[in-house]
Amino acid sequence: MGGRNPVTWLGTPSFPKAAHDALGDTQLRRNLRKATTTIRGKRASAVAELADWERLRAAGAAIKDDVLANLDTYLVRLEEAVTARGGVVHWARDAEEANRIVLDLVRAEGADEVVKVKSMATAEIGLNEALEAGGVRAVETDLAELIVQLGDDRPSHILVPAIHRNRAEIRDVFRRRMAEPPASDEPGDLAEAARRHLRRKFLATKVAISGANFAVADTGSVVVVESEGNGRMCLTLPETLITVMGLEKIVPSWPDLEVFLQLLPRSSTAERMNPYTSVWSGVTPGDGPRRFHLVLLDNGRTATLADRVGRQALRCIRCSACLNVCPVYERTGGQAYGSVYPGPIGAILAPQLVDDPHDEQAASLPYASSLCGACYEVCPVRINIPEVLTHLRGKVVEAKGKRTPEAVAMAAAAWMFADARRYEVAQKAGSLSRFLARDGRISHLPWPGSKWTSSRDVPAVPKESFRAWWRRNRG
Amino acid sequence: MDDARGEILARVRAALADRPAPAAVVRDYERSRSVPDPVGLLVERVADYKAIVHRVAEAEVPERIAERLAARGVTTMAVPADVPGPWRAPGVTWLPDEPPLALAELDGVGGVLTGCAAAIAETGTIVLDAGAAQGRRMLSLVPDYHLCVVRADQVAVSVPEALARLEPVRPLTFISGPSATSDIELDRVEGVHGPRTLEVLVSE
């Protein structure tokens with residue numbers, strides 16, 4: 001336990017560098033502009049149909065705030081309800097622990113292959129890689145996840161991980177990796193190819209792994225919202241179902257879903273309702289899996305909960321509306337964020353889940369925004385993303401406290417001030433810096449001062465220190 | 001393994017040391033809505049998803065089932081064992097799911113006929129709860145064609161009204177049109193893993 005949190009990808013450059021590289025990819029920008037423009041228009045009309053949209057948003061935010069404020073109570077209640085209906089509840093403090101629990105469960109079934117429903121939680125913890133290391137193949141069944149998996153690619157969007165690929169690129173991936181390649185790059189043909197590719201897997205695989213969009217604490221009912229029917233296949237055909245769910249996915253009671261089943265589809269795919277929503281409670285004899293395991297995942301969520309401003313990020317229902325309206329996301333794409341959670345929500349969620357102030361890549365994410373506020377306007381649970389962004393920027397500066405040139409300078413000053421002779425020697429050295437200055441300003445200090453002057457000028461140090469002047473004139 | 005449960009709950013309580021007291025949940029959104037013709041709205045909204053939908057008189061249901069299956073050229077249909085007898089129209093081989101059909105059998109049928117538990121007019125959604133005339137979940141999933149009969153009294157206008165009619169501890173499936181995906185360029189296309197054709201008879 002206690003390893004690196006895989007929510008951000010090891011070795012990814014910090015956001016400014018990654019964004020700079022992404023901006024050079026014109027195909028990527030075209031693909032993103034087309035997709036996000038399409039969905040923005042549709043979302044606006046889907047939302048406009050509901051006169052009470054703002055009241056639904058307020059209710060959604062309030063329900064989630066109640067869940068967070070009483071999370072311990074609801075978690076225990078959910079555990080009791082799931083257990084009473086024949087499910088088994090597991091608790092995982094971090095990614096490593098969750099992955100080990102799932103791998104052990106799969107092995108106990110004697111399976112070397114599992115089918116997966118698209119799930120952000122399992123992507124966050126790097127479950128597929130952990131299963132593979134343990135000799136278990138995880139087959140992604142959501143179309144976009146399949147495109148990413150077959151293309152040895154990384155996701156770039158919460159809802160549509162392959163949004164950075166257009167139809168022709170998808171066709172090429174399928175041609176390379178499928179026994180029966182698609183007839184053309186028409187979306188219908190691509191969907192048909194995916195259907196044929198996965199059909200036998202669905203009918204034969206004994207273990208499925210899913211995430212959860214919601215779980216009802218009172219009844220132990222788990223909800224998965226999807227489109228293609230791959231979710232239904234995974235949730236009903238296998239003998240064993242393992243669901244990995246972030247702690248915060250709870251809603252207190254069944255009627256609460258009346259809010260979220262309106263907010264989520266209209267915000268994410270801009271539909272009145274998504275094609276399929278499945279709800280199950282424990283195990284139902286004669287219908288669906290005979291064994292059900294629910295893994296409750298912390299992995300940085302309790303650390304996020306501890307931040308009074310930042311905790312609102314845990315209201316997120318993963319709709320991705322904030323990505324689709326973000327001018328920064330539209331230009332850089334999702335991979336530049338270096339996390340399964342890109343875009344505005346990723347910029348506040350990923351660094352909080354990482355919970356390591358010295359992780360430079362994560363610390364760069366709150367700066368991946370122009371603070372235009374479009375994300376806050378569309379968020380169905382009213383997460384004030386700009387507020388959290390600025391709050392996290394403040395924390396970044398504060399955390400750097402002991403290591404930045406500013407802070408080093410302050411510490412050095414304290415040391416110098418403690419001894420008069422040291423102080424004077426240092427002042428003489430300081431006056432040498434005048435040689436670097438033009439017009440009384442210093443634009444380029446040598447390292448470590450360069451970190452300071454890369455973004456600002458420093459007034460040049462006077463020729464003579466006050467102490468030297470004083471000694472010469474009054475001494 | 002040490003106590004992950006205890007530690008996580010302790011972390012939650014420590015994180016909430018400031019005792020946040022969020023505002024009460026205000027449910028001033030519209031829980032019910034009245035429309036002049038809920039069935040008409042359902043028909044319109046189901047059709048929006050490119051499902052095939054017909055408004056039929058209750059007494060005509062059996063003959064419309066026969067007509068639709070003949071038009072489609074379907075010869076074998078899976079069916080929950082408890083659908084009303086007259087729904088099993090002549091001219092088709094009916095395979096009741098009792099004893100349970102093998103998965104391979106279900107994969108080979110021309111379609112499945114079910115009733116439903118509720119419908120949501122506003123969103124064009126049909127809800128199955130594995131109750132009367134619906135059978136287990138895989139019945140309406142594996143066949144490529146799903147013919148579903150909705151009674152007018154099962155139609156709720158809004159999402160909140162429909163949820164109030166449902167029992168959450170039953171296995172529930174909300175169906176809004178045939179299977180579809182938005183994964184290619186964020187544009188919806190119909191027909192992936194679930195039934196690629198959804199046909200609905202709304203009886204009144």
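This is a predicted model: local features need pLDDT of at least 70, side-chain atom pairs count only at pLDDT 80 or more; totals for chains, interfaces and linings use all residues.
## A friendly note on chains A and B

1. H16 covers residues 343–354 of chain A, which makes twelve residues. From its first C-alpha to its last, H16(A) reaches 16 Å, close to the 16 Å expected at 1.5 Å a residue. Is H16(A) largely enclosed by the rest of the structure, or largely open? Twelve of its twelve residues are buried, so H16(A) is largely enclosed by the rest of the structure. A buried residue here has 20 or more other C-beta atoms within 10 Å of its own.

2. H12 spans residues 257–268 of chain A and has twelve residues. Its C-alpha span, first to last, is 16 Å, close to the 16 Å expected at 1.5 Å a residue. Twelve of the twelve residues of H12(A) are buried, so this helix is largely enclosed by the rest of the structure. The buried residues of H12(A) include A:Leu257, A:Phe260 and A:Leu264, and also A:Glu258 and A:Arg266. Just after H12(A), a positive phi of about 60° is found at A:Ala270.

3. Now step back to chain A as a whole. DSSP runs give chain A 23 helices and twelve strands. Of the 475 residues in chain A, 52% are buried. Looking at the contacts in chain A with a separation of 6 or more, 74% are between residues 24 or more positions apart.

4. How do the two chains meet? The contact takes 76 residues from chain A and 59 residues from chain B. On the chain B side, at least two residues each come from helices H1 (4–15), H4 (103–108) and H5 (159–165), and from strands S9 (172–175), S10 (180–184) and S11 (187–190). H1(B) gives the most to this side, with nine residues. Sorted by class, the side of chain B that touches chain A holds 31 nonpolar, twelve polar and 16 charged residues.

5. Which way do S9(A) and S9(B) run relative to each other? Strand S9 of chain A, residues 276–281, runs antiparallel to S9(B), and four bridges join them. A:Tyr276 stands opposite B:Ile175 in S9(B). Further along, S5 (residues 118–120) of chain B is joined to S8(B) by two bridges, and this pair runs parallel. There, B:Ile120 stands opposite B:Ala156 of S8(B).

6. Chain B also contains a sheet of six strands. This open sheet has the order S1-S12-S7-S4-S2-S3, with parallel pairing. Strands S1 (52–56) and S3 (93–96) of chain B stand at the edges with a single partner each, so one side of each is left without a neighbour in the sheet. From one strand to the next, the twist averages 20°. Inside this sheet, two bridges join S2 (residues 76–79) of chain B to S4 (residues 111–114) of chain B, and B:Ala78 has B:Val112 as its bridge partner in S4(B). Helix H2 (residues 38–48) of chain B lies across S1 and S12 (197–203), running at about 160° to S1(B).

7. Three bridges join S10(B) to S11(B), and the two strands run antiparallel. B:Thr181 has B:Val189 as its bridge partner in S11(B). Two residues lie between the strands, and B:Glu185 in this hairpin takes a positive phi near 60°. Five of the five residues of S10(B) are buried, so that strand is largely enclosed by the rest of the structure.

8. Finally, a record to compare with the model. UniProt, in an unreviewed entry, places the feature "domain: LUD" at residues 113–202 of chain B. That span is 8% helix and 41% strand, and its end C-alpha atoms lie 13 Å apart.

Terms used: Residues are numbered from 1 along each chain as its sequence is written. Chains are lettered from A and ligands numbered from 1 in the order in which they are written. UniProt positions are given in the numbering used here, feature names are shortened, and annotations may be inferred rather than shown by experiment. Two strands pair if DSSP finds at least two bridges between them. Axes are lines fitted to C-alpha atoms, for helices over the stretch in contact, and angles run from 0 to 180 degrees between N-to-C directions. Two residues are in contact if their C-beta atoms, placed from the backbone, lie within 7 Å. The expected span of a helix is 1.5 Å times one less than its number of residues. Ala, Val, Leu, Ile, Met, Phe, Trp, Tyr, Cys and Pro count as nonpolar, Asp, Glu, Lys and Arg as charged, and the others, Gly among them, as polar.
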